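Subject: Structure handover

Hello,

Here is the structure for you to look at. My notes follow below it.

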2 protein chains.
Amino acid sequence: MKKLINRPEDVVADALAGFALAHRDRLVVHTDPVFVVRADAPVEGKVGIVSGGGSGHEPMHVGFVGEGMLDAACPGEVFTSPTPDQMQAATEAVDGGAGVLHIVKNYTGDVMNFQMAAELAQAEGAEVEAVVIDDDVSVQDSLYTAGRRGVGATVLAEKLCGAAAAKQWPLSAVAALCRRVNAESRSMGVALTSCTVPMAGKPTFELGGGEVELGIGIHGEPGRQRRMLTPAAELVETMASAVVDDLPFGRGDHVLAFVNGMGGTPLMELYIVYAELHRFLQERGIEIERRLIGSYMTSLDMAGCSITLLRLDEDLAALWDAPVDTPALRWGR
Amino acid sequence: MKKLINRPEDVVADALAGFALAHRDRLVVHTDPVFVVRADAPVEGKVGIVSGGGSGHEPMHVGFVGEGMLDAACPGEVFTSPTPDQMQAATEAVDGGAGVLHIVKNYTGDVMNFQMAAELAQAEGAEVEAVVIDDDVSVQDSLYTAGRRGVGATVLAEKLCGAAAAKQWPLSAVAALCRRVNAESRSMGVALTSCTVPMAGKPTFELGGGEVELGIGIHGEPGRQRRMLTPAAELVETMASAVVDDLPFGRGDHVLAFVNGMGGTPLMELYIVYAELHRFLQERGIEIERRLIGSYMTSLDMAGCSITLLRLDEDLAALWDAPVDTPALRWGR
């Protein structure tokens with residue numbers, strides 16, 4: 001294992017220490033329990049948005065804390081759910097009187113712990129709603145997951161719900177938006193290499209020299225199929241077909257296309273994938289109205305990418321365009 | 001070789017096709033000769049800023065074209081200088097009557113070709129100045145380079161000179177600023193793995209299981225020393241010592257710290273490096289006033305990072321904070 005780390009058992013704490021120093025003008029990193037929160041939280045009268053999950057997917061979620069996106073994020077150990085006390089503390093820290101939305105990726109530990117945290121916070125008088133994201137079309141059930149896994153749509157839901165909350169939407173409307181974003185999104189990923197969990201010290205799985213794993217999970221969970229690496233055009237066709245056929249997306253649809261790098265894949269390759277995705281969708285009369293290209297939801301050092309499509313209307317596009325100011329996503333006015 | 005590409009000979013064209021589609025609202029990608037330019041170029045009365053170099057370092061330079069940074073960028077083939085006709089066409093496209101600055105990384109081909117382009121453009125009546133960036137302290141001469149190599153300071157110079165040009169500084173002042181940024185910057189990198197050039201199909205060099213190459217060049221040129229991978233704290237101490245001792249930076253200095261990923265390194269590790277760098281500098285009374293953490297100047301799929309320090313004063317800090325709106329760097333007001 002070759003990584004820029006100190007002791008494997010300290011990677012999350014060490015990375016959060018760097019993150020706290022880098023972003024201390026806007027964010028506060030609490031350490032007991034661990035959560036990252038906007039320095040100006042709670043924002044009175046605004047719905048608070050909280051997400052979280054295992055570390056190793058950076059910048060998700062901590063890099064999405066800030067104006068127009070998350071109010072707080074709870075990072076667990078690598079590929080391990082955070083605990084209910086983290087989520088409860090984050091929920092209380094961002095509750096400005098308008099309630100709190102939990103955006104939860106569909107992994108059994110995350111769902112269970114967020115549910116427990118919601119109950120604890122509710123017992124203290126907070127109004128909490130939770131939405132579970134399950135946009136990965138690759139497999140039905142999976143390691144760590146009953147039903148479909150939550151992947152790229154999480155990033156989109158956090159941005160869009162953050163924008164709605166900033167516009168003072170009430171909790172029920174922000175939660176309904178989150179459910180709608182999930183319902184209108186589909187994703188699929190591919191791995192060219194495994195990732196290596198620091199405490200394990202060796203690759204999570206083995207891929208043969210020319211092999212790829214289609215439908216990979218973000219923790220290296222098995223996908224749909226192993227096959228030989230093909231040109232990007234063919235790989236994208238396979239993934240995009242699975243995504244498009246599942247909803248289904250059809251002629252005349254406008255979409256947000258999200259090409260996400262898994263951590264070990266350079267930007268050049270993501271633009272090649274984007275070009276192929278654009279061609280694929282254009283041939284089917286599906287128009288890319290907005291796009292996000294980069295490594296936003298990673299799997300440690302895994303090489304590979306995922307494709308997410310979200311069906312857009314004008315309202316969703318306007319929420320996408322709304323200002324956001326976080327370490328990882330930033331645009332304005 | 002496992003990459004998300006089509007034919008190895010098409011990677012630059014394919015990636016630029018994706019880039020053009022993704023950013024067509026703001027940028028234009030010309031294909032004969034190849035250069036990327038702001039859609040609103042030339043901006044009348046503003047100094048035009050042009051950079052360029054081999055591809056494989058994305059987002060540098062094409063991702064830095066936009067308001068407040070570059071007016072145009074010329075991408076060559078992978079790790080290969082662009083040609084003078086590209087640079088000449090870009091220069092003419094961005095000349096709004098106030099002259100054009102070429103920001104050139106110190107590689108023999110780039111320097112020679114930019115010089116030829118400047119002469120061609122000058123013969124057509126353009127006012128052109130060129131500044132060569134050579135901030136890498138690792139080695140004196142190198143493969144492809146007489147003198148020191150140009151690395152991370154290039155990104156900083158492009159941002160700062162772009163801000164000065166946007167404030168209508170005259171060409172002589174923007175060029176002087178660029179020389180100053182170069183003079184006040186020092187960098188060093190480390191590779192944990194080689195990169196693989198698509199047309200070569202195999203790693204550029206071999207590193208043993210636990211080895212790293214200190215002082216690596218961004219094309220995989222040999223560095224100072226091979227040694228066994230140590231904890232991040234020790235690696236950072238070695239690199240930061242070389243950087244700090246060279247200028248030298250000293251107690252009371254304020255710096256911009258740039259921790260750059262090489263393409264195959266996830267963000268989590270860069271934050272760990274940043275935490276160690278912060279500790280190292282703090283012990284020496286050097287204060288990090290601004291920071292940039294991410295993969296901005298990559299070497300294809302190489303795992304590793306580089307550290308750049310730039311000595312800041314209030315004027316440089318204000319130029320850093322000025323609005324920038326490019327695919328890869330974006331902040332506002």
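In which strand of chain A does A:Ser51 lie? The answer is strand 3, residues 48-55. Please keep in mind that this is a predicted model, and that the values below are computed from it.

A:Ser51 has a relative accessible area of 0% and therefore counts as buried, since the cut-off is under 20%. Its side chain is joined to that of A:His61 by a polar contact of 3.1 Å. Neighbours within four places in sequence aside, A:Ser51 is in contact with A:His61, A:Leu70, A:Ala72, A:Ala73, A:Cys74, A:Ile103, A:Phe114 and A:Glu158.

In chain B I looked at B:Lys46, which sits in the loop between strand 2 (34-38) and strand 3 (48-55). B:Lys46 is a charged residue by class, and its relative accessible area is 6%, so it is buried by the under 20% cut-off. The side chains of B:Lys46 and B:Asp71 make a polar contact at 2.8 Å. Not counting residues up to four places away in sequence, B:Lys46 touches B:Arg38, B:Asp71, B:Gly96, B:Ala98, B:Gly99, B:Ala165, B:Ala166 and B:Gln168.

Next, the domains of chain A. Domain 1 covers 10-184 and domain 2 covers 185-324. Their C-alpha centres are 22 Å apart, and the contact takes 42 residues from domain 1 of chain A and 42 residues from domain 2 of chain A. Between them the two domains bury about 3,400 Å², with 65% of that on carbon and sulfur atoms.

Across this domain interface there are three salt bridges. Separately, the side chains of A:Arg180 and A:Asp313 form a salt bridge, with an N to O distance of 2.7 Å. On the domain 1 side, helix 4 (153-166) and helix 5 (171-183) of chain A each supply at least two residues. Helix 4 of chain A gives the most to that side, with seven residues. By class, the domain 1 side is made up of 23 nonpolar, eight polar and 11 charged residues.

Last, the interface of the two chains. Here 60 residues of chain A are in contact with 59 residues of chain B. The chains bury about 4,500 Å² between them, 65% of it on carbon and sulfur atoms. Of the area that chain A buries against chain B, 21% comes from A:Lys2, A:Leu4 and A:Met268, more than from any other three residues.

How many salt bridges are there between chain A and chain B? The count is zero. Polar contacts between chain A and chain B come to 18 residue pairs, both residues at pLDDT 80 or more. The elements of chain A that give two or more residues to the side touching chain B are helix 1 (11-22), helix 6 (232-246), helix 7 (267-283), strand 11 (287-294), strand 12 (304-311) and strand 14 (330-331). Helix 7 of chain A gives the most to that side, with 10 residues. The side of chain A that touches chain B has 33 nonpolar, 14 polar and 13 charged residues.

Regards

Technical notes. Residues are numbered from 1 along each chain as its sequence is written. Chains are lettered from A and ligands numbered from 1 in the order in which they are written. This is a predicted model: local features need pLDDT of at least 70, side-chain atom pairs count only at pLDDT 80 or more; totals for chains, interfaces and linings use all residues. Side-chain values use heavy atoms; hydrogens and water are left out. Contact means heavy atoms within 4.5 Å. Buried area is the accessible area (1.4 Å probe) that two parts lose on being put together, summed over both. A salt bridge is a side-chain nitrogen of Lys or Arg within 4 Å of a carboxyl oxygen of Asp or Glu. A polar contact is a pair of N or O atoms within 3.5 Å; within protein, one must be able to donate a hydrogen and the other to accept it, and residues adjacent in sequence count only if both atoms are side-chain atoms. Helices (H or I, at least four residues) and strands (E, at least two) are DSSP runs, numbered from the N terminus. Domain bounds come from an automatic or database domain assignment. Buried means under 20% relative accessible area, exposed over 50%, partly exposed in between (1.4 Å probe, protein chains only).
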